Amino acid sequence: MDKFRMIFQFFQSNQESFMNGICGIMALASTQMYSAFDFNCPCLPHYNLAYGLGILLVPPFILFLLGFVLNNNISMLAEEWKRPQGQRGKDPAVLRYMFCSMAQRAMIAPAVWVAVTLLDGKCITCAFCTSVPVDTLGNASHPHLSQGEIQRVLARIPCKEIYNGQQLIANEVAVRYLRCISQALGWCFVLLMTTLAFLVRSLRPCFSQAAFLKSRYWSHYIDIERKLFDETCAEHARSFAKVCIQQFFEAMSTDLVAARCHLPRKAPADAGEAAEKLLGITDWGTMNMALKSWHRCKPPLHLHPPALPPGNGWAGEGQPPTHPSAPRRETAAYYSWV
């Protein structure tokens, strides 16, 4: 249990680790789905190809879309792409990095499905059973069979219980031939995906490491900024609700006292603290205006020093201030020109 707890904590450590865990779970789920799938080839000349290729390609496409749906950054990417320019420019390199990162993770489960399907061989056997070279593997000079009849006989190769063309070509020979081709394609696909992943991981730092670091940094910044904004809005909504409910009960208590029902209760001590957290935004319209302003013109990514208070700030001529001066604060400005 401790190991599982450590793995779970690692997945929750940051957004990338969480999405890597989700993609790993989806890859395992795709394997289990294929093993539990009941493959039934129609064994008809005009339907085998569509059924076999459909099972090979349609589920990976669904898993690819599901990988995008489960990725929390898809809404953040769409929001960053569609928002107005405002006071903060939009960096295309950051948007490309976010999209490529999501696409790479979403491709894991479809790649696993395709690899497992090709290594199993059922889809290729069903799809291309009518293309078996009868001249090489069987008896092409079998009498009393036209080309259409030969195609109907070959279409029944995946269905061993109804196959009746042993004199034309043995069922075991045709199945083994097609399965060998499918497994060869499967291993080539696995080798290709592994090689591409290796090249991307190893060669990318050699060409654009600085641009990659900038894009990755600002991608993380957008994610963290969105989370902090949501937390701040939730805290403001909680304080707003607390003060609103408190004022409601205070008004009710005043009305009840006027009617001589009972004495008013003492206000809670945290009411003032909740009012301070409102930061001056105390009505519906002002809050909606603040949310629209955040969407339309986000603040620029340039930290300014705090404004000095009015006045000279000295207690007397040529005398230092009586209170200790605040420590000097250094500010940093970060720009992304990727």
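## Start with the annotated spans

Select residues 21–37, 49–70 and 184–203: an unreviewed UniProt entry annotates these as "transmembrane region". Keep in mind that the model on screen is predicted.

Zoom in on residues 21–37. This stretch is 94% helix and 0% strand. From end to end, its C-alpha atoms are 24 Å apart. Now move to residues 49–70. Here the chain is 100% helix, again with 0% strand. The end C-alpha atoms of this span lie 32 Å apart.

## Step back to the whole chain

Colour by secondary structure. What do you count? The protein chain has 12 helices and 0 strands. Read from the N terminus, the order of elements is α-α-α-α-α-α-α-α-α-α-α-α.

Next, colour by accessibility. Of the 338 residues in the chain, 27% are buried. Then look at the contacts between residues at least 6 apart in sequence: 78% of them join residues at least 24 apart.

## Stop 1: helix α6

Select residues 108–120, which form helix α6. Two residues are worth a click here.

Start with valine 112, which sits in α6. Is valine 112 buried or partly exposed? Its relative accessibility is 24%, so valine 112 counts as partly exposed; the cut-off for buried is under 20%. Show its surroundings. Beyond residues up to four places away in sequence, valine 112 touches Ala27, Ser30 and Thr31. Draw a distance from valine 112 to alanine 27, C-alpha to C-alpha. The two are 6.2 Å apart in space, yet 85 residues apart in sequence.

Now go to threonine 117, also in α6. Threonine 117 has 0% relative accessibility and therefore counts as buried. Which residues does threonine 117 contact, leaving aside neighbours within four places in sequence? They are Tyr34, Leu56, Lys122, Cys123 and Ser182.

## Stop 2: helices α4 and α5

Select residues 73–82 for α4 and residues 92–106 for α5. Two packed helices are described by the angle between their axes and the distance between the axes. For α4 and α5, the axes come within 10 Å and cross at roughly 155°. The pair is therefore roughly antiparallel, as the angle is over the cut-off of 145 degrees. The crossing is left-handed.

Show side chains at the contact:

- From α4, pick Asn73, Ile74, Met76, Leu77, Glu80 and Trp81.
- From α5, pick Leu95, Met98, Phe99 and Met102.

By class, the residues of this contact are 8 nonpolar, 1 polar and 1 charged.

## Stop 3: α3 against α5

Which residues meet here? Leu63, Phe64, Gly67 and Phe68 in α3 face Phe99, Met102, Ala103 and Ala106 in α5 through their contacts. This contact has 7 nonpolar residues, 1 polar and no charged ones. Leave Phe99 and Met102 highlighted: these α5 residues are in the contact with α3 and also in the contact with α4.

## Last stop: serine 219

Select residues 171–258, helix α10, and find serine 219 within it. Serine 219 has a relative accessible area of 7%, so it is buried. Show its contacts, leaving aside neighbours within four places in sequence. They are Val94, Tyr97 and Met98.

Notes:
Residues are numbered from 1 along each chain as its sequence is written. This is a predicted model: local features need pLDDT of at least 70, side-chain atom pairs count only at pLDDT 80 or more; totals for chains, interfaces and linings use all residues. Side-chain values use heavy atoms; hydrogens and water are left out. UniProt positions are given in the numbering used here, feature names are shortened, and annotations may be inferred rather than shown by experiment. Helices (H or I, at least four residues) and strands (E, at least two) are DSSP runs, numbered from the N terminus. Buried means under 20% relative accessible area, exposed over 50%, partly exposed in between (1.4 Å probe, protein chains only). Contact means heavy atoms within 4.5 Å. Axes are lines fitted to C-alpha atoms, for helices over the stretch in contact, and angles run from 0 to 180 degrees between N-to-C directions. Angles under 35 degrees count as roughly parallel, over 145 as roughly antiparallel, 65 to 115 as roughly perpendicular and the rest as oblique. A crossing is left-handed if the near helix is turned anticlockwise from the far one by less than a right angle, and right-handed if clockwise. Ala, Val, Leu, Ile, Met, Phe, Trp, Tyr, Cys and Pro count as nonpolar, Asp, Glu, Lys and Arg as charged, and the others, Gly among them, as polar.
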